[in-house]
Amino acid sequence: MTPENKIDSETWYVLQKIKEEYLRTKTSEPIKYEVKFYGYQEPSAPKSENEVKTLEKLEDVGAIKIIKKEEVPSEYYFETIFYYLKIIKEKFNELYTKFQKKYDIKYQRL
């Protein structure tokens with residue numbers, strides 16, 4: 001797998017996870033996005049560190065705004081980080097559509 005394909009796959013995973021949480025969240029509230037560093041991970045999930053970098057990149061390109069970050073520490077490490085996000089709908093939809101087309105999935109807007 002090329003680096004570009006790996007990054008695209010990880011980005012698509014994060015975009016879908018954000019969209020799923022968006023659909024479950026009240027319109028007036030920020031989206032809660034969880035990154036687990038220990039415990040069960042979905043087989044299709046990127047490494048936790050890469051998931052964090054992808055969120056930061058999505059913020060960098062203007063698709064989301066990270067409002068707040070809460071770290072849940074254990075004695076020696078972070079178990080989970082919760083990100084509270086605001087979606088920038090126009091840019092988010094643009095990226096989501098691009099990846100839907102790439103992965104040949106039916107288009108849906110927020």
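This is a predicted model: local features need pLDDT of at least 70, side-chain atom pairs count only at pLDDT 80 or more; totals for chains, interfaces and linings use all residues.
Residues are numbered from 1 along each chain as its sequence is written.

Helix H1 spans residues 3–24 and helix H3 residues 89–102. Helices (H or I, at least four residues) and strands (E, at least two) are DSSP runs, numbered from the N terminus. H1 and H3 pack at about 125 degrees, with axes 10 Å apart. Axes are lines fitted to C-alpha atoms, for helices over the stretch in contact; angles run from 0 to 180 degrees between N-to-C directions. H1 is therefore oblique to H3. Angles under 35 degrees count as roughly parallel, over 145 as roughly antiparallel, 65 to 115 as roughly perpendicular and the rest as oblique. Contact (heavy atoms within 4.5 Å) involves residues of H1 including Trp12, Leu15 and Tyr22, and residues of H3 including Phe92, Tyr96 and Phe99. Eight residues of this contact are nonpolar, four polar and four charged. Here Ala, Val, Leu, Ile, Met, Phe, Trp, Tyr, Cys and Pro count as nonpolar, Asp, Glu, Lys and Arg as charged, and the others, Gly among them, as polar.

H1 also packs against H2, at about 75 degrees and with axes 10 Å apart. That makes H1 roughly perpendicular to H2. Among the residues in contact are Tyr13, Val14 and Lys17 of H1 and Glu51, Leu55 and Leu58 of H2. The contact of H1 with H2 divides into six nonpolar, three polar and four charged residues.

The largest pocket holds about 380 Å³ of space. A pocket is an open set of points on a 1 Å grid over the protein atoms alone, where a 1.4 Å probe fits, with protein on both sides within 12 Å along at least five of seven lines; lining residues have an atom within 4 Å of a point. A volume is the space filled by probe spheres set on the points, which are joined across faces, edges and corners. Of its 18 lining residues, Tyr13, Lys17, Glu34, Glu42 and Glu51 are closest to the centre. H1 gives the largest share of the lining, six residues.

Closest to its centre, of 13 lining residues, are Ile7, Thr11, Lys57, Leu58 and Phe99. H2 (48–60), H1 and H3 each supply at least two residues of this lining.

Methods
Side-chain values use heavy atoms; hydrogens and water are left out.
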